[in-house]
Amino acid sequence: MIKGRAIAVRGVVQGVGFRPFVHELAGRLGLSGWVKNLGSEVRIEVEGDEAGLDEFVKELTRSAPPLARIASVECEERAALGARGFVIESSSAHEGGTVLLPPDVATCDDCLRELFDPGDRRYQYPFLNCTQCGPRLTIVRQAPYDRERTSMVGFPMCTECRAEYDDPSDRRFHAQPVACPACGPRLRLLDAGGAPIASEDLLGHVAGMIAAGSIVAVKGLGGYHLVCDAASAEAVERLRERKHRPSKAFAVAVAELEGARRLCELTAVEETALLSARRPIVLATRRPGAPVAAAVAPGSPYLGVMLPSTPLQHLLLRATGGGTLVMTSGNRADEPVAIDDAEALERLRGIADAFLANDRPILRRADDSVVRAVSETIVPIRRARGHAPEPVPLARPCPAPILAVGGQLKSVFALGQERNAFLSPHIGDLGGYVAWKSFTDTLVSWERLLAIEPGAVAHDLHPDYASTQYAVARARESGLPAIAVQHHHAHLASCLAENQAAGPAIGVVFDGAGLGPDGAVWGGEFLVGDLLSAERRAHLRYTPMPGGDGAVREPWRMAAAYLTEAQESLSELERRVGSGPVGTIRSMLTRRVNCPLTSSVGRLFDAISSLAGLGDAASFEGEAAMRLEWLATGLPADGLYPFELDAAGGALVADLRPAVRAIAADGRRGAAPAAIARRFHSTLVELVVAVCLRLRSEGAPAAVALTGGVFQNAILAAECRASLQDAGFRVYSHALVPPNDGGLCLGQLAIAAARLRAGVR
Ligand code: ZN
Ligand code: ZN
Ligand code: FE
């Protein structure tokens, strides 16, 4: 007997070849009916015999296309209407619900074969793609995901492309960005001033320029890259100078895994990450003698390496003879990456010697994602291309749609609806106008794309964060509740939320800076709490931070502060930095002028880095701390420095002055900086375990969340985890969102949801 079923499939089911898969499946089972995209879901009506229908529903999830992520399949019995054949109907406009789009996906193997097959009509075509690969987020204007709502709307398909697009058995069936040399986007090359450069072989021309030491701006998937020869010290130095980036490492790209293996010692998890469809930059241990200029990653034992994610990158790397290319964000200093051609010409003027542009507009900015391995876990450092807009799943649904605006320096916002937290790609430091505009523009367009209208806004406690100011103004104008969340509580909640944990747990939150409710700069915190609330149960002893944020660029100031607190002499610092500047800081410290108090572990790292003689200036927050980690990398544990736990009033206070005295003495004795660095790391691990044990003995739970930007430090993250597990703790850490402020918005969102549920603000 012929029966009917109406089926709704939710999840990442649009733009992944799901409808052709359904079409093929129905055909194979001899069923009739139709399938279409309807708003956020795929709707199917299907008729046939009972056994065939059962098999159909089972196979829907069992053999779905690789890029699909199925959240639910809902089935309803229907009377059979006598449908004939199975058809794919065109999409209906949006009808509410959450739209799940796939992220941009690296070129698949099938497409790659065509790219390098001289007999294929897409031979060497830099924009080829199919339903299993290619741009998604970066080309979509609006849901549902159909060609007329993408940046491909300006490229009418030729007959051949149209035939592939319309053929359910073709692997380009309804691949929205489908194109070929006859009908699709084209490259163009412009000189430094924006005048076109004519050439029969544009990529050959660009490769020649790069080989000659030029810097070329290349339009990619989610923005421009600045590209030069990574082996040329001169080219890399020039790029540093022009980009005003004195020392922060550049990422490099190589054509194939073999190339990456020549540069780095790769573990299995690192290779898997490199080859994944997300294609992030992987921070891996560089081989001694790796063929890249020292200036690519000065002083670092690591190298950020990636494999090509687009046909254009494959072609460019081949054209340069399989070399190693610096491929860094097309921006000036900390601004967001340029996406618009005119904007790129303007903002990258004076940096790029030429522009390899194309006529496919980038509708959404997406930087390269960055990850690193901590033991066997891949930890995101920057979450952008290849991830967004894939949601982070929440353990409990949001009681209302929520906007969480994140922090200030590594800006990322989140939109929460039901059980999904949609994190924006990394936006960057909101201090500048370009970033601020990118933040507000991205927010507007994401709310439209996801059809989410926030019913509440969550933000940091810090009144000076641009994100806080936006949230407060928006809440006031729209009459929405504004939910202020303490910075370190948000970090703790972020770690709990991505682990689907509700708490309570001990949150070991180590970072650079976040405002505490007492007005001090927190950053070395042990909180005990859950998503609703947290109590500060221990912290690093307060130390003055001479000049406030000014101390960040001059780590020696924190050394001066710690030495003064420990009643140690500043004479060694005076010898290095000069008695003038040290005198100024000393008098600031004695008179407590412009010296906010801080418990920040980031600033402690600055102080120790300076005491170990690793430099007295930093061009970005965390640079001094990184140097300390680099030096200790690969060394076996060797002793500890002393510290004290003081329980005199309320919260437990971890006093590191004894360690500072011992380190100063080590320095006077001429101890190797690497030995100091290694011992300091062991000391922090010991401190974390000691405090957690103490808190547990006082009734805190036997679960610990390790979070905050300091836990990007692989030594600290791995050793804290191992030692805490040995001590019987359950340990939560990050694998979906960054431990740094890039993950803050997820915590704000989880806390706001918990408070709305509980009816507290
Ligand atoms: Zn493909
Ligand atoms: Zn075509
Ligand atoms: Fe933070």
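No salt bridges are counted between domain 3 and domain 4. Nine residue pairs do make polar contact across the interface of these two domains. The model is predicted.

**Domain layout**
- The assignment for the protein chain gives domain 1 as 3-88 and domain 2 as 187-370.
- Domain 3 is built from two segments, 381-502 and 743-758, while domain 4 covers 509-734.
- The centres of domain 3 and domain 4, taken over C-alpha atoms, lie 28 Å apart.

**Interface of domain 3 and domain 4**
- In contact are 24 residues of domain 3 and 25 residues of domain 4.
- The two domains bury about 2,100 Å² between them. Carbon and sulfur atoms hold 69% of that area.
- On the domain 3 side, H488, L492 and C495 supply 27% of the area buried against domain 4.
- Two elements each give two or more residues to the side of domain 3 that touches domain 4: α13 (487-498) and α22 (744-758).
- Of the elements on that side, α13 gives the most, with ten residues.

**Cysteines**
- The whole structure holds zero disulfides.
- C264 is in no disulfide, and its nearest cysteine sulfur belongs to C228, 17 Å away.
- C264 counts as buried because its relative accessibility is 1%, and the cut-off for buried is under 20%.
- C595 is also buried, with a relative accessible area of 10%.

How values were computed
Residues are numbered from 1 along each chain as its sequence is written. Chains are lettered from A and ligands numbered from 1 in the order in which they are written. This is a predicted model: local features need pLDDT of at least 70, side-chain atom pairs count only at pLDDT 80 or more; totals for chains, interfaces and linings use all residues. Side-chain values use heavy atoms; hydrogens and water are left out. A disulfide is a pair of cysteine sulfur atoms within 2.5 Å. Buried means under 20% relative accessible area, exposed over 50%, partly exposed in between (1.4 Å probe, protein chains only). Domain bounds come from an automatic or database domain assignment. Contact means heavy atoms within 4.5 Å. Buried area is the accessible area (1.4 Å probe) that two parts lose on being put together, summed over both. A salt bridge is a side-chain nitrogen of Lys or Arg within 4 Å of a carboxyl oxygen of Asp or Glu. A polar contact is a pair of N or O atoms within 3.5 Å; within protein, one must be able to donate a hydrogen and the other to accept it, and residues adjacent in sequence count only if both atoms are side-chain atoms. Helices (H or I, at least four residues) and strands (E, at least two) are DSSP runs, numbered from the N terminus.
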